[in-house]
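Here is a short note to read alongside the structure. The points are numbered so that each can be checked on screen.

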Number of protein chains: 2
Amino acid sequence: MPTIAVDAMGGDQAPREIVRGVARASLETDIDCVLVGDERRIGEELSAVAHDRRQIDVIHSPQFVAMDEAPREGLDAKPNASVAVAARAVADGRADALVSAGNTGALILASARTFPLLPAVRRAALASVFPRKTQYPGQDRLALILDVGATVTAGAEELVQFAVMGSTYAKRISKVSAPRVGLLNMGAERFKGGEVLAQAYERLDRIDELNFVGNVEGNDLAKGRADVIVCEGLLGNVVLKLVEGVAEVALDVASYARGRKLLWRLALSMLGPGLRRLKSLTDYAKYGGAPLLGFDRLVLKAHGRSSARAVENAVKVAANAVRDRVPQEIAAGLAGAP
Amino acid sequence: MPTIAVDAMGGDQAPREIVRGVARASLETDIDCVLVGDERRIGEELSAVAHDRRQIDVIHSPQFVAMDEAPREGLDAKPNASVAVAARAVADGRADALVSAGNTGALILASARTFPLLPAVRRAALASVFPRKTQYPGQDRLALILDVGATVTAGAEELVQFAVMGSTYAKRISKVSAPRVGLLNMGAERFKGGEVLAQAYERLDRIDELNFVGNVEGNDLAKGRADVIVCEGLLGNVVLKLVEGVAEVALDVASYARGRKLLWRLALSMLGPGLRRLKSLTDYAKYGGAPLLGFDRLVLKAHGRSSARAVENAVKVAANAVRDRVPQEIAAGLAGAP
């Protein structure tokens, strides 16, 4: 079984929810975890919940990068921050993958400083899931969008690599044999969106191993047209946060209604499928995390708001990705791309 | 009173809803309109509704660019397409502004071929409104986002110009004395988003005449932090269409519930403010249209799905913008920017 290094100090509710998530994983799976962070606080949290001590190791790290800290400054000032120590544990072979719900920029930077990029990979990409309608049986109810912030601006070559990396990850994790790949753009025609996107379109269209479905527009994102959405980091980041903002509005609706419990089911049933679709936007926290792709090790960013359940799921997803040899598959996929 | 040239053949429900909108404007305002399109069909539609013939002129144009036609090919093949003839009527001084609910690309291209850019303007920008929360009394419930597709990629200089143009338009149309201007980005810090955005931030921050509030992120868009959102066309287009896609989901909810009329109000009142906020997303069709800024004449793009009421509003907004001398104000604003 793979061993997962978990940044115990990263996350809005760290270390409590992180430790609890790892505790759950120790009882419900065969996955080994290494919790990296303040030993005393980790011990306190562990002693409060049921867990299997044989599957949990602890590495002490006295510092951490806070959620709102500037990533570079934070890591430079605290070379033994939990996220950096956890990354080194993976690089040293003490664990097989890295999971953190902490500061995203610090996770990306610590990874870039610790793990080599895979052969041929030019830039890493952070791939996030987002919920949308499905169009065919067996389609994953979550799509993948990358990059969402690791690589701010991308050329055609980077976008093609993001497509291959995302498609490989979706194949392994969503168990879709040929994930549909779409290029996020401002029109359907192949010449749209400027030179970089037009070039990326041409190149993606020529890769036989990719199920490239062409350009997808903003209003396609909520539909099921593509399973993997490719874009540069600036665009992906804005889109993802906008979707999250909408999800928060849907949560408002849900929590308001829940406060009036007796009427809640009645109201929901009256409003029908549309609202349920909106509500499903809010469910995705339970789906583990966003993989940081392109490094020789698997890195998974869990949502900052992760609950114990979300952390447990992130650990499971990371373990699956290690078992399915996702980094090696990505390297093989890129070696085959023209 | 200003005279507005209206492309009678552009729009999903053209010419019927366009002609009816102009007919309503002729009864309810002092605005003169010139309807450009198939004379016979315009006459038929006019004869079916009440209107004031003294305020409506017709210019015959035998051709039009269809909604899904490639703009360049369409305009090249049909030099007397209604949108081109209407633009020339404005350039010749027969009308003061141009309104079209037709093919957006054709409207932008016809404008670029007919109207000179204002002095100092490098690129035109299409500015669309979108609904969001308000944070202070008197704040417009619609924000402006530009560019949404006229200029695919933009440098720092273009972004600064978009900010000045958008701020000027919002001042005049929303009657906000100092509209808050935000730069759409992937983080709050001034160095975020790559070199172009970091440069744009520095320059915007130095313009005293602008109420620049810094970077806004995807999740800020639904809040009231900024009244004018600045970004390049690719980003703005994806964001706008994503918001429209969400609005369609909200419309699904509304129409499903409306089919069950008796329960509709009850259900809505149960679900409270969250859903009403979602529903307000769908109301913005009535708010006229998206100005194409940067040319020496005022051009307004109404939504393709515009009803007669939306067309009437677009005509009113265009007339206000002419009276408020928006192009001249933009030129003055740009002359003052460093």
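1. **The sheet of chain B.** In chain B, 11 strands build an open sheet with mixed pairing. Their order is S3-S2-S1-S4-S11-S10-S5-S6-S9-S7-S8. Bear in mind throughout that this is a predicted model. The edges are taken by strand S3 (56-60) and strand S8 (211-216) of chain B. Each has a single partner strand, so one side of each lacks a neighbour in the sheet. From one strand to the next, the twist averages 25 degrees.

2. Strand S1 (residues 3-7) and strand S4 (residues 97-100) of chain B run parallel and are joined by three bridges. Opposite B:Val6 stands B:Val99 in S4(B). Helix H6 (residues 156-174) of chain B packs on the sheet. Among the strands that H6 touches are strand S5 (125-131), strand S6 (142-146) and strand S7 (180-184) of chain B. The direction of H6 makes about 165 degrees with that of S9(B).

3. How do S7(B) and S8(B) pair, parallel or antiparallel? They pair in the parallel sense, over five bridges. B:Leu183 has B:Asn215 in S8(B) opposite. Four of the five residues of S7(B) are buried, so S7(B) is largely enclosed by the rest of the structure.

4. **The sheet of chain A.** Chain A also has an open sheet of 11 strands, with mixed pairing. The order reads S3-S2-S1-S4-S11-S10-S5-S6-S9-S7-S8. At its edges stand strand S3 (56-60) and strand S8 (211-216) of chain A. Each of these has a single partner strand, so one side is left without a neighbour in the sheet. Neighbouring strands are turned by 25 degrees against each other on average, direction ignored. Strand S1 (residues 3-7) and strand S4 (residues 97-100) of chain A run parallel, with three bridges between them. A:Val6 has A:Val99 as its bridge partner in S4(A).

5. **Helix H11 of chain A.** H11 (residues 308-323) has 16 residues. From first C-alpha to last, H11 reaches 23 Å, close to the 22 Å expected at 1.5 Å a residue. H11(A) lies across S1, strand S2 (32-37), S4 and strand S11 (298-302) of chain A. It runs at about 160 degrees to S11(A). The buried residues of H11(A) include A:Val311, A:Glu312, A:Asn313, A:Val315 and A:Val317. After H11(A) comes A:Arg325, with a positive phi near 55 degrees.

6. **The nonpolar core.** Which residues touch the most other members of the largest nonpolar core? They are A:Ile4, A:Leu35 and B:Ile4, out of 218 residues in that core. Take A:Leu35 and set aside its neighbours within four places in sequence. Its contacts then include A:Val6, A:Ile18, A:Val22, A:Ile42, A:Ile56 and A:Val58.

7. **Salt bridges within a chain.** The count is 30 salt bridges over all chains. A:Arg16 forms one with A:Glu45, their closest N and O atoms 3.6 Å apart. This pair links distant parts of the chain, 29 residues apart. A:Arg16 sits in helix H1 (residues 16-28) and A:Glu45 in helix H2 (residues 39-47) of chain A. A:Arg16 is partly exposed, at 42% relative accessible area. A:Glu45 counts as buried, at 14%.

8. **A salt bridge between chains.** Where do B:Glu217 and A:Lys241 lie? B:Glu217 is in the loop between S8 and S9 of chain B, and A:Lys241 is in helix H8 (residues 233-258) of chain A, so the pair joins two chains. The N to O distance is 2.3 Å. B:Glu217 counts as buried at 16% relative accessibility. A:Lys241 counts as buried too, at 19%, because the cut-off is under 20%.

9. B:Lys316 and B:Glu312 form a salt bridge, with closest N and O atoms 3.6 Å apart. Both lie in helix H10 (residues 308-323) of chain B, four residues apart, about one turn of the helix. B:Lys316 is partly exposed at 29% relative accessible area, whereas B:Glu312 is buried at 2%. In chain A, salt bridges that share partners join A:Arg24, A:Glu312 and A:Lys316 into one network.

How values were computed: Residues are numbered from 1 along each chain as its sequence is written. Chains are lettered from A and ligands numbered from 1 in the order in which they are written. This is a predicted model: local features need pLDDT of at least 70, side-chain atom pairs count only at pLDDT 80 or more; totals for chains, interfaces and linings use all residues. Side-chain values use heavy atoms; hydrogens and water are left out. The expected span of a helix is 1.5 Å times one less than its number of residues. Buried means under 20% relative accessible area, exposed over 50%, partly exposed in between (1.4 Å probe, protein chains only). Two strands pair if DSSP finds at least two bridges between them. Axes are lines fitted to C-alpha atoms, for helices over the stretch in contact, and angles run from 0 to 180 degrees between N-to-C directions. Contact means heavy atoms within 4.5 Å. A nonpolar core is a set of buried Ala, Val, Leu, Ile, Met, Phe, Trp, Tyr and Cys residues joined through side-chain atoms within 4.5 Å. A salt bridge is a side-chain nitrogen of Lys or Arg within 4 Å of a carboxyl oxygen of Asp or Glu.
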